[in-house]
Amino acid sequence: METELEICYKFEPLFDLLDPEQYPEVDTVIMTGGRYSLKSHTTSIFSLIALVQSEWNVLYTRFTNVSITDSIKPEVSDKIDLLGYGGMVADTNTHIETANARMAFKGIKTGSSQQTANLKSLSGFNLFVVDEAEEIPDYATFKKVFYSIRSETKRNLSILILNPTVTDHWIYREFFESRGIEGGSNTVKDNVMYIHTSYLDGDVERMPQNIRRDYERLAKDNPTEYDNIVNGGWITEPEGVLLPLSKLRFDDLENIPEESIVYRFSVGDPADKGGDHFSQPFFFVSVMDGQLACFVKDVIHTKDGIEVVNDRAIEKARLNHIEDIYLEANGVGTAAYLLLKRDLSNHANVKPFHSTIAKEVRILSHYEFVQKYFVFDKEYRSNTEYSAFISHVTGYIRDDDKKNKHKKDAIDSLCSAANILKIKYKKLLYG
């Protein structure tokens, strides 16, 4: 026995996708909104109907395995009786199945690194649902699973459910900015359907009174936070960021006047624990009309091991005619320094440096110099590694160790370079 359900009108196009003749070009749904905006609730209903009535095979995921059995799975299982499907499905810890189709719950990320699940085990699914999709670190990771969702007889569909974050996030760049779509839109553009809701689209009277009161307070006291958390709006810059994107200098780095370049150097900040990046920018220092500018010509920003990074550092150093390479010689940095010194001794000076102050102190001491004198490539978004580097630089928040975890390396390499320039060009800078 099926139950009549009231679905917010903004979600009606989603259910139209169960009909193969409706929106045949759509293979991706971007579902945004704030708290209590019915995103997960409605997608759970849609997925169960797709499973039972259309015999779709569904892969229901988050980026990590954390909380899948405590959040995503119960969210869907709770709708079984609501839809009257109790006698039609078998509900286990990891699957919901019918005689002809299945819904599996699986994390994309397999462990502490960013290694993704074995994609061969994902064959047979045609509906891919990602809850809290903002956790996926980059477009490439999403695409790995997206390409595995392939059926020859049913619509292939990916649904990304997310609470919008900053506009430099890859989802905003790939699905909104590059396609000319405003955040908060409800529309279809090419192969993508956009659905945006807020708590005002649901039954407000059924919300807990204390939550409603807090929303009303937040709207008065902090409209920016209200728009992001409650209404699901994208934010340009997180509060407390030391080097926001709007304050960085960007230019065309392909046409730096050769005669103005007075120094070419690089600073490396080797990863010293799991999750950290080996971050190594390559700089061209220019002086024109007595004014100094430090162009961030190229970057290495990766979790690859020392041997791989060493080969890439050698290639970039030679390509950019780097004179000096400074490497922070902590435990891991010592090994990187010795490798580079061995392989680059005839091309560049490789110099270790030992910091006597914590990264946070160094960053706070030199970030304003970076903002004033450093110039970044305006085409950085076309380079995945440079883009990730900028994202980490502009994501570093003052006095927030939790959010800054694994984001210190990029900004620290810049601030280390700033310190070197302050010493080398002291007379030019300060008279």
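Predicted model: local features only at pLDDT ≥ 70, side-chain atom pairs only at ≥ 80, totals over all residues.
Residues are numbered from 1 along each chain as its sequence is written, and side-chain values use heavy atoms, with hydrogens and water left out.

**Entry 1: the sheet around β5**

I looked up how β4 and β5 are arranged, and they pair in the antiparallel sense over three bridges, where two strands pair if DSSP finds at least two bridges between them. The two strands form a hairpin with four residues between them. With strand β2 (residues 58-62), strand β5 (residues 102-107) runs parallel, joined by five bridges. I checked two of the partners: L59 has A104 as its bridge partner in β5, and R62 has G107.

I then traced the whole sheet, which is open, has nine strands in the order β3-β4-β5-β2-β6-β7-β1-β9-β8, and shows mixed pairing. Its edge strands are β3 (90-91) and β8 (187-189), each of which pairs on one side only. Helix α2 packs on this sheet, touching β1 (28-33), β2, β4 (95-97), β5, β6 (127-130), β7 (157-162) and β9 (192-197). The direction of α2 makes about 160° with that of β7, with axes taken as lines fitted to C-alpha atoms, for helices over the stretch in contact, and angles running from 0 to 180 degrees between N-to-C directions.

**Entry 2: helix α2**

Among the buried residues are K39, T42, T43, I45 and F46. S47 lies in this helix, and S47 counts as buried because its relative accessibility is 0%. Leaving aside neighbours within four places in sequence, S47 is in contact (heavy atoms within 4.5 Å) with V58, Y60, M103, L127 and V129. After the helix comes E55, whose phi is positive, near 55°.

M31 and I159 are 128 residues apart in sequence and 7.2 Å apart in space, C-alpha to C-alpha. Beyond its neighbours within four places in sequence, M31 is in contact with residues including F11, L14, K39, T43, I159 and I195.

**Entry 3: strand β12 and its partners**

How many residues of strand β12 (residues 278-288) are buried? Nine of the eleven are, so the strand is largely enclosed by the rest of the structure. On one pairing, strand β11 (residues 261-268) and β12 are antiparallel over five bridges, and F265 has F283 of β12 as its bridge partner. On another, β12 and strand β13 (residues 291-302) are antiparallel over eleven bridges, with D298 in β13 as the bridge partner of F282. I noted that β12 and β13 form a hairpin with two residues between them, and that D289 in the turn has a positive phi of about 55°.

**Entry 4: the nonpolar cores**

A nonpolar core here is a set of buried Ala, Val, Leu, Ile, Met, Phe, Trp, Tyr and Cys residues joined through side-chain atoms within 4.5 Å. In the largest, of 44 residues, F265, F283, F374, F376 and L414 touch the most other members. The elements giving two or more residues to this core are β11, β12, β13, α10 (359-373), β16 (374-377), α11 (384-393) and α13 (408-424). Of these, α13 gives the most, with eight residues. Apart from this core lies another, of 36 residues, among them V29, A50, V52 and V58.

Key
Buried < 20%, exposed > 50% of the residue type's maximum accessible area, 1.4 Å probe, protein only.
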